[in-house]
Amino acid sequence: MVITGGTSGIGYSTCRKYASQGSKILSINRNKEKSEKLCEELKRDFGIECSYKIADLSLLEDLKRVGKELAEMEETIDVFIHNAGIYLTRKKYSLEGIEMTFIVNYLASFIINYLIKDKLKAQKKARVLMVNSEGHRFAVWGIRLDDLNWQKRLYSGLQAYGSAKTAQLLSMLLFDKYFGGSGVTINSMHPGAVKTGTGKENGRLYNFYKATIIDKLSRSPEISAEALYYLGVSKDVEGLSGRFFNLTKEEKPAPPAMDMDVAEQLWLESLRLGGLN
């Protein structure tokens, strides 16, 4: 099982769940010290093989490097979970000038999926899971293809988050089409209202609100981990692809997330932004 952001929150609980069932783990993280600690823990507690790759998911160079390394691996990728994500209340740009919510929550998964798609298809069996969100419904009018970088309009954290998650669901439509009949499936899921470290970059006021209100109404990330394990291995969902789940219950995404014409335009723009052929 390969996962992004495996050192904390939902990713950490998911690593432990898969490891407890004997899975070999490969986690893609930013922090080397936390990555080493994670692998030491999983090896000690479950006796499984664990490795990691260091990458900043806001940097195109890192995304393309990791994508190519994964594509060239001899081992099969049975389950790939795109878990890493951020929520920002203020507009922020990556070192390469891409709005952070957009690149981390959407473009990162797109680039990696694009670079490993041929490997997965050649395997003839794999499950790709993207931790999405009911928050995609915040993008009531869909995404703005002419302003994906939030330079022409007033920035809203909720709308930026919703747009990025909508973009991820739109990309799923075309990846699903590409994988059709190959034995590879790709699905998205809302992880539920669980307590994570997402949003800690937003300053004292937001963190106070999160600690006193949001976290008290949230449940353990182990709930999300159980759902991600079910979607990754259960025969109940074998062969299902291009679907959106709220934990393990299938739901219909908002209409803007199912627009194939927009999905095709976004695909071309994502290739351009990612510097991909």
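Salt bridges come to 16 across the whole structure, which is a predicted model. One of them joins the side chains of Arg-16 and Asp-45, with N and O 2.9 Å apart. Arg-16 sits in helix α1 (residues 9-20) and Asp-45 in helix α2 (residues 32-46), so this pair ties together parts 29 residues apart in sequence. Arg-16 is partly exposed, at 25% relative accessible area. Asp-45 is partly exposed too, at 35%. The pair also belongs to a network of salt bridges that links Arg-16, Glu-41, Arg-44 and Asp-45.

Lys-117 and Asp-118 meet through their side chains at 3.7 Å, N to O. Lys-117 is buried, with a relative accessible area of 11%, because buried means under 20%. Asp-118, in contrast, is partly exposed at 47%. The side chains of Glu-134 and Arg-137 form another salt bridge, at 2.6 Å from N to O. Arg-137 has a relative accessibility of 33% and counts as partly exposed.

Now turn to Ser-234. This residue lies in the loop between α7 (222-233) and β7 (244-246). Is Ser-234 buried or exposed? Its relative accessible area is 12%, so Ser-234 is buried. A polar atom of the Ser-234 side chain lies 3.0 Å from the backbone nitrogen of Asp-236. Beyond its neighbours within four places in sequence, Ser-234 is in contact with Arg-127 and Tyr-229.

Definitions and conventions
Residues numbered from 1 in each chain as written. Predicted model: local features only at pLDDT ≥ 70, side-chain atom pairs only at ≥ 80, totals over all residues. Heavy atoms only, no water. Helix = DSSP H or I, 4+ residues; strand = E, 2+ residues; numbered from the N terminus. Buried < 20%, exposed > 50% of the residue type's maximum accessible area, 1.4 Å probe, protein only. Contact = heavy atoms within 4.5 Å. Polar contact = N/O pair within 3.5 Å; in protein donor to acceptor, adjacent residues only side chain to side chain. Salt bridge = Lys/Arg side-chain N within 4 Å of Asp/Glu carboxyl O.
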